[in-house]
Amino acid sequence: MTDRSVLPAGAPRTAPAPTPSGAGVPAALPLAAVLLLAAGLRLWRLTATGFNSDEAVYTGTAASLAGDEQLGALFPVFRAHPVLFQSLLSLALRIHGGNGTARAVPALLGMATVAVTYALGRRLYGRAAGLVAALLLAVMPYHVVVSRQVLLDGPMTLCATGTLYCVVRYAESPAPRWLMAAGGTLGLTVLAKETSLVLLGSLYAFFALTPAVRTRGRALLPALAALAVVALAHPLSQAVSGHAQAGGSYLLWQMFRRANHPYDFYVREVPWSMGPLAVLAAGAGLVWLRRENTWRERLLVCWVAVPALFFTVWPVKGFQYLLPAAPVCAVLAARTLTGLPRTLRAPAQASRAGAVRRAVAVVAVAVVAVSLAVPAWARIPPQTSTRFLAGTGGLPGGREAGLWVRAHAPDGARLLAIGPSMANVVQYYGLRPVSALSVSPDPARRNPSYRAVPNPDRALRDGDFQYLVWDAYTARRTPFFTAQLERLTVRYHGAAVFRVNDVRGDPVVVVYRVRAS
């Protein structure tokens with residue numbers, strides 16, 4: 001890669017290309033259409049399925065911050081993660097409560113990410129590339145699916161893309177204010193989700209590999225200070241409130257817990273969710289247009305490569321963890337697709353060359369966009385299969401079971417589920433405490449937010465639990481604890497009082513009433 005487009009510090013920056021005549025309001029219409037498309041895919045049938053475990057926890061935390069006494073007793077404010085997004089969500093819940101509001105907030109933030117991706121693509125490769133990048137992200141299944149859920153990764157991706165934009169502005173014209181802005185927005189990214197601190201490694205790799213983009217101490221130190229001041233709000237708030245030990249315990253548990261997916265998890269899952277044609281276009285452009293590669297492509301590659309490598313090696317892998325790579329993939333794919341007119345060979349009739357090339361580019365953009373939109377639309381209807389990947393949507397049957405518990409289980413009733421995933425969902429919707437068999441009694445081997453049941457047999461014999469909850473999702477993952485719950489069901493005269501079946505008629509969730517004698 002060459003860095004001819006990087007200007008030394010103090011050099012005058014080339015003025016951006018003038019806006020074409022007739023731009024103004026008409027020029028904003030295509031972007032408005034893209035944003036409406038993004039809104040449709042993210043808001044349509046938003047509550048058709050219930051929450052998954054993480055959604056229940058984050059919404060419960062936000063409800064606690066909003067003053068909900070019932071959920072506040074079940075979901076404490078200080079758990080594992082920073083509460084930037086939960087605090088924003090709590091404001092929305094104060095104005096208009098409800099699960100639709102909870103999911104609408106990340107959906108709207110997902111739309112904002114599409115707009116920032118347009119600004120990023122336009123800054124790097126021009127208005128056409130920015131518009132195509134926004135279109136691809138608007139219909140990308142990976143981003144659509146995650147931004148329809150109450151997860152931290154959607155807001156984190158918005159802040160991360162804003163950070164990337166600030167770094168681009170700094171690389172174009174090394175003004176310290178842009179590097180400081182990048183530090184502040186990266187701090188917000190960390191407050192959205194602390195694992196995003198890995199993006200600091202992406203920036204280090206970029207600056208180390210791009211000496212033409214100078215990072216003098218007078219610009220770097222204020223940027224790092226801005227990052228530290230913003231990001232330290234989380235540990236300081238925990239320390240002031242007396243919950244610092246909980247944060248440290250969670251960090252240790254994350255570092256030493258067993259792997260939940262194999263090393264090839266992201267290779268198998270993420271490219272298909274981003275869209276094979278979009279990923280192919282992004283990668284092909286890096287090779288096909290390699291003579292045009294500059295610091296821009298190096299920055300985008302570093303932004304994706306470092307987190308991908310880190311989370312591949314890290315034992316804990318979540319489907320949504322690599323979401324900040326989605327806007328980058330969209331921008332690189334847009335660069336390739338909008339570059340087609342100037343790289344294709346001219347047809348025999350030179351007078352028709354420009355029209356033919358533009359038509360080819362439009363068709364290519366349409367094909368890639370449709371290849372993304374069709375699977376994105378297919379992911380919107382509720383899924384009732386017993387095979388479920390965490391982070392891809394609501395947990396089948398959890399909402400229905402929880403609502404039944406709220407309506408039929410007496411006040412003071414306690415439930416015991418196989419694992420904490422279904423326990424969190426039933427607890428959120430049912431407003432009854434739900435424990436889990438699979439939570440280890442060893443504090444070093446469990447999430448500090450959960451409490452173990454050391455002797456479940458005695459707990460049922462003493463009448464501590466009145467209901468058992470079986471679910472197919474956890475049963476497939478933990479056969480040992482599933483067998484234990486089934487033995488307890490038989491021993492304590494369990495009677496099925498509620499059941500949710502999938503489309504084939506197989507049980508997804510079963511609630512049993514048990515009695516000690």
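Leu200 is partly exposed, with a relative accessible area of 32%, where buried means under 20% relative accessible area, exposed over 50% and partly exposed in between (1.4 Å probe, protein chains only). The structure is a predicted model, in which local features need pLDDT of at least 70 and side-chain atom pairs count only at pLDDT 80 or more, while totals for chains, interfaces and linings use all residues. Residues are numbered from 1 along each chain as its sequence is written, and side-chain values use heavy atoms, with hydrogens and water left out.

Leu200 has its place in helix α10 (residues 199–209), helices (H or I, at least four residues) and strands (E, at least two) being DSSP runs numbered from the N terminus. Together with Leu197, Leu220, Leu221 and Leu224, Leu200 forms a nonpolar patch on the surface, with about 410 Å² of accessible area together. Patches are made of residues with over 30% relative accessible area and no salt bridge, like charges being joined within 9 Å and nonpolar side chains (Val, Leu, Ile, Met, Phe, Trp, Tyr) within 5 Å; a salt bridge is a side-chain nitrogen of Lys or Arg within 4 Å of a carboxyl oxygen of Asp or Glu. Helix α11 (residues 217–231) contributes the largest share of the nonpolar patch, three residues.

For the protein chain as a whole, the secondary structure comes to 24 helices and five strands, and 50% of the 517 residues count as buried. The accessible surface of the chain comes to about 23300 Å², of which 64% belongs to carbon and sulfur atoms, as computed by the Shrake-Rupley method with a 1.4 Å probe, only the protein chains shown counting as cover for residues. Among contacts (heavy atoms within 4.5 Å) between residues at least 6 apart in sequence, 76% join residues at least 24 apart.

When neighbours within four places in sequence are left aside, Leu337 is in contact with Val132, Leu136, Ala361, Ala364, Val365 and Val368.

Rings of Phe, Tyr and Trp (its six-membered ring) pair if their centres lie within 6.5 Å, and planes under 30 degrees apart count as stacked, over 60 as edge-to-face and the rest as tilted. By this rule the count comes to 15 aromatic pairs. Phe51 and Tyr429 form a tilted pair, 5.7 Å centre to centre with 40° between the planes. Because Phe51 lies in the loop between α1 (24–43) and α2 (53–65) and Tyr429 in helix α21 (residues 420–430), this pair ties together parts that are 378 residues apart in sequence. The rings of Phe480 and Phe481, with centres 5.1 Å apart and planes at 85°, form an edge-to-face pair; Phe480 is exposed, at a relative accessible area of 57%, whereas Phe481 is partly exposed, at 23%.

Most residues other than glycine have a negative phi. Arg45, in the loop between α1 and α2, has a positive phi of about 50° although it is not a glycine.
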